[in-house]
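Please consult the sequence and the structure shown below.

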Amino acid sequence: MGVNPDLQGRTYPPTEPYVVGREKIREFAAAVQATHPAHTDLAAARGLGYADLVAPPTFLVTLAQRAEAAVVADPDAGIDFSRVVHADERFTHRRPAVAGDELIGATTVESVKTLGGHTMVTTATEITTTGGEAVSTVRSTLLVRGEEA
Amino acid sequence: MMQKGDSIGSTTVTLTRADLVRYAGASGDFNPIHWSESTARSVQLPGVIAHGMLTMGAAVQLVTDWCGDPGAVLDYQTRFSATVPVDEVAGATLEVSGKVAKIDDDAGTVRIDLTVTDPGHGDAKILTKAQAVVRLGH
């Protein structure tokens with residue numbers, strides 16, 4: 001079974017609202033060894049002009065991967081997760097996520113390209129507030145290895 | 001005066017198995033290749049490997065240290081070009097360095113290109129096209 005080329009252009013329903021919590025930012029910052037005080041200290045974050053603790057630059061992968069899971073779970077997609085390798089990732093931020101944000105992520109399959117038995121699936125997940133403010137775009141490319149690989 | 005090619009410095013990132021478990025919990029990525037030796041070997045990996053997103057997330061700290069504001073990182077991308085095996089005892093040690101690749105005075109941004117290598121595995125280049133666009137001044 002291969003990846004369905006008709007996935008290209010398909011948009012999946014948005015995630016449930018995700019509330020960015022202070023402790024989640026602190027936990028994620030510790031996990032990626034992000035030591036800037038704006039991730040952990042409210043006064044430091046406000047001193048830089050932010051309303052609350054600032055999420056590290058890759059924090060929104062947590063929400064983006066929830067949204068992207070809809071693609072892999074789509075029975076029509078033909079993606080065998082055991083053959084998936086993460087090929088690339090990109091974050092484009094209009095502003096950093098901060099604690100207190102209520103966000104949703106909606107994933108669109110931007111492209112499906114098959115090369116030499118492998119398939120590259122690129123998704124774009126738009127992260128917005130529940131109020132409709134655009135926050136970030138998270139692009140991710142999965143390489144689905146062919147059967148011989 | 002900042003110039004293209006200037007170094008922003010370098011740092012070392014050490015990762016242990018406990019760090020992988022911590023990242024799995026914090027990120028919600030529980031793929032067993034990042035914590036189960038038998039699963040990793042069953043899919044022809046040399047052993048447990050680090051999450052690419054952990055390497056990406058840790059490497060950008062050099063940029064944050066340089067610019068002084070994690071919220072000034074407007075764009076950050078990479079390709080994952082090699083896996084990072086994390087030995088149960090020795091862990092893994094990655095070398096991270098960065099330099100100024102592009103200065104856009106009109107936009108008030110600078111692009112930093114990061115180099116991330118694994119000296120314990122033949123200096124394998126772990127990330128390629130690892131680029132962070134940073135807004136200057138705040």
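How many helices and strands make up the secondary structure of chain B? Chain B comprises 4 helices and 5 strands, where helices (H or I, at least four residues) and strands (E, at least two) are DSSP runs numbered from the N terminus. The model is predicted: local features require pLDDT of at least 70 and side-chain atom pairs pLDDT 80 or more, while totals for chains, interfaces and linings use all residues. Residues are numbered from 1 along each chain as its sequence is written, chains are lettered from A in the order in which they are written, and side-chain values use heavy atoms, without hydrogens and water.

**Chain B overall**
- The order of elements from the N terminus is β-α-α-α-α-β-β-β-β.
- The C-alpha trace spans about 50 × 30 × 20 Å along its principal axes.
- Of the 138 residues of chain B, 49% are buried (under 20% relative accessible area, 1.4 Å probe, protein chains only).

**Helix α1 of chain B**
- Helix α1(B) covers residues 17-27, and its buried residues include L20(B), Y23(B) and A24(B).
- Among the elements covering these buried residues are α1 (22-31) and α3 (61-73) of chain A, as well as β1 (7-15) of chain B.
- G28(B), with a positive phi near 85°, follows the helix.

**T15 of chain A**
- T15(A) lies in the segment before β1 (18-19) of chain A.
- T15(A) is buried, at a relative accessible area of 15%.
- Leaving aside residues up to four places away in sequence, T15(A) touches L63(A), R66(A), A67(A), I104(A) and G105(A) (contact: heavy atoms within 4.5 Å).

Methods. Buried < 20%, exposed > 50% of the residue type's maximum accessible area, 1.4 Å probe, protein only.
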